[in-house]
Amino acid sequence: MTREHALIECDGVTYTYDGEAHPAIRKVSLRIQQGEFVTIYGPNGSGKSTLCQMMNGLIPGQMGGQMQGKITVQDYELQGDPAEVHQLSPKIGFVFQDPDAQLVVGKVEDELAFAPENLRVARAEIIRRLDETLRQVAMEDYRDRHVHQLSGGQKQRIAIASVLTMNTPVLILDDVTSSLDTDGKQSIFRLLHALHEQGVTCIVTASRSDAIPLGTTRLITMESGEIQSDESITNVEQLPVLAPFRQNVKVEHPMRFIGVEPIIEVRELTYRYPNGHIGLRPTSFDLFPGEIAALTGPNGCGKSTLTKLLMGLLPAGKGMIRMQGEDISKSSIYDRAKWLSYVHQQPEQQFIANTVMEECIYSLRMKQEHRSDATSNQRHILEQGKQILERIGLYEKRDRHPFELSQGEKRLLSVASTWLTNPKLLILDEPTSGQDLANTKRIFECCMEMADQWVSILVVTHDQQWIESWVTRTMQLNSSVVKK
């Protein structure tokens with residue numbers, strides 16, 4: 001194929017975000033042909049997302065910053081104009097890693113119809129596309145559901161479906177299987193493979209080797225903003241699947257907790273949403289001080305509903321929640337915040353400060369602002385923030401806005417900020433979602449140190465094999481019933 005037929009071409013592209021001293025990507029040159037299936041693979045912060053967002057005009061058009069080099073998409077040279085993303089949207093479908101970044105309407109059916117309606121597609125064709133895409137992502141029964149009632153994995157399926165309804169010849173998907181359980185991940189892999197065989201150009205990113213889709217024909221590896229390798233592959237199953245590993249760390253056996261008073265007791269807890277949907281069937285379990293327990297189960301089984309009930313974000317359902325023997329089923333979210341901390345599946349939903357440092361120490365500031373020794377305490381708080389940001393590798397980014405961090409870095413920041421609050425119970429919602437090996441180890445090393453201080457940690461995950469070496473035990477929530 002001749003050079004002028006390249007679908008996407010980057011020629012010596014370097015991009016630096018506003019306020020940053022170092023480029024996010026540097027001297028990137030590549031050519032993607034129509035009909036390829038390309039996976040861009042690399043650790044968190046390697047520049048994968050930045051590169052993909054440059055391919056559809058989001059960067060620098062929507063973000064500002066400085067770009068050198070040239071990007072050409074379908075013979076159209078991008079100039080950094082914010083309007084370019086709208087010009088390319090009928091040609092390039094883009095799915096973000098965070099589904100909340102692109103779900104804008106409300107009801108699932110309206111969400112899927114939004115883009116084709118704006119493209120003035122005929123109503124009958126829109127209905128046909130909705131039926132087909134809901135079937136493709138196995139969400140036919142959720143057509144009338146509000147997107148905010150869906151689990152994180154279900155939202156990701158709908159985000160994918162909302163792009164598929166546009167019928168674009170190019171699909172760019174940014175680590176979109178990170179919130180999906182094993183079955184959901186494999187079904188999306190099969191869907192992408194089928195679309196590729198129909199002639200769609202697929203470009204995906206992956207932070208872990210087990211997130212590289214079957215059907216990938218070309219693997220581009222990035223690190224520190226640069227392309228390290230670019231090679232054709234014939235069988236993605238031959239690639240090594242990495243698993244977390246920790247040396248010289250003993251996993252405590254559940255027998256350790258015999259005779260120990262649980263910090264949390266859940267008894268026959270159930271919940272039904274106002275629309276009649278059963279969010280949680282009768283569920284019972286205990287959590288002990290110093291324990292790191294995993295709660296697993298497929299997308300939509302009730303994990304998020306259970307955590308919201310523990311935190312008081314949903315009105316008390318039937319059943320009981322006891323904290324150190326005291327019934328807290330009716331206690332407020334404010335009372336629970338004194339001893340419970342939570343790291344959201346989309347951590348940016350919790351961010352309220354303008355810098356990484358201020359976000360890290362915000363809760364400590366709130367606790368100390370009315371004390372008589374506030375000045376000396378503020379100095380101590382800043383030192384605590386410095387120590388923990390150095391511990392997780394984010395101190396150099398202390399002056400950046402939290403939203404400017406990669407998804408993996410955002411999650412690390414959320415863990416750090418909750419660590420400083422000294423909770424008795426910490427809930428981590430899908431902490432490995434979109435994480436590479438290094439960030440996963442950082443998160444769970446933090447958890448190990450907290451557990452040594454007798455903090456009880458509940459890890460909500462669909463990623464059981466990825467974290468099994470880090471937890472004391474696993475509870476499976478299947479059809480909204482905990483199996484111990």
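Start by selecting phenylalanine 351: the residue is buried, at a relative accessible area of 9%. Buried means under 20% relative accessible area, exposed over 50%, and partly exposed in between (1.4 Å probe, protein chains only).

The model is predicted: local features need pLDDT of at least 70, side-chain atom pairs count only at pLDDT 80 or more, and totals for chains, interfaces and linings use all residues. Residues are numbered from 1 along each chain as its sequence is written, and side-chain values use heavy atoms, with hydrogens and water left out.

**Aromatic pairs**

The structure holds five aromatic pairs. Rings of Phe, Tyr and Trp (its six-membered ring) pair if their centres lie within 6.5 Å; planes under 30 degrees apart are stacked, over 60 edge-to-face, the rest tilted.

With phenylalanine 351 it forms a tilted pair, 6.3 Å centre to centre and 40° between the planes. Phenylalanine 351 lies in the loop between strand 16 (340–343) and helix 9 (356–368). Phenylalanine 403 lies in the loop between helix 10 (374–392) and helix 11 (407–419), 52 residues apart from its partner. Helices (H or I, at least four residues) and strands (E, at least two) are DSSP runs, numbered from the N terminus. Phenylalanine 403 is partly exposed, at 47%.

Next, select phenylalanine 444 and tryptophan 470. This pair is stacked: 5.7 Å centre to centre, 25° between the planes. Phenylalanine 444 is in helix 12 (residues 437–452). Tryptophan 470 is in the loop between helix 13 (464–467) and strand 19 (473–478). Both residues are buried.

**Charge over ring**

Last, select arginine 398. Its charged end sits over the ring of tyrosine 395, 4.1 Å from the centre. The criterion: NZ of Lys or CZ of Arg within 6 Å of the ring centre and within 35 degrees of the ring normal.
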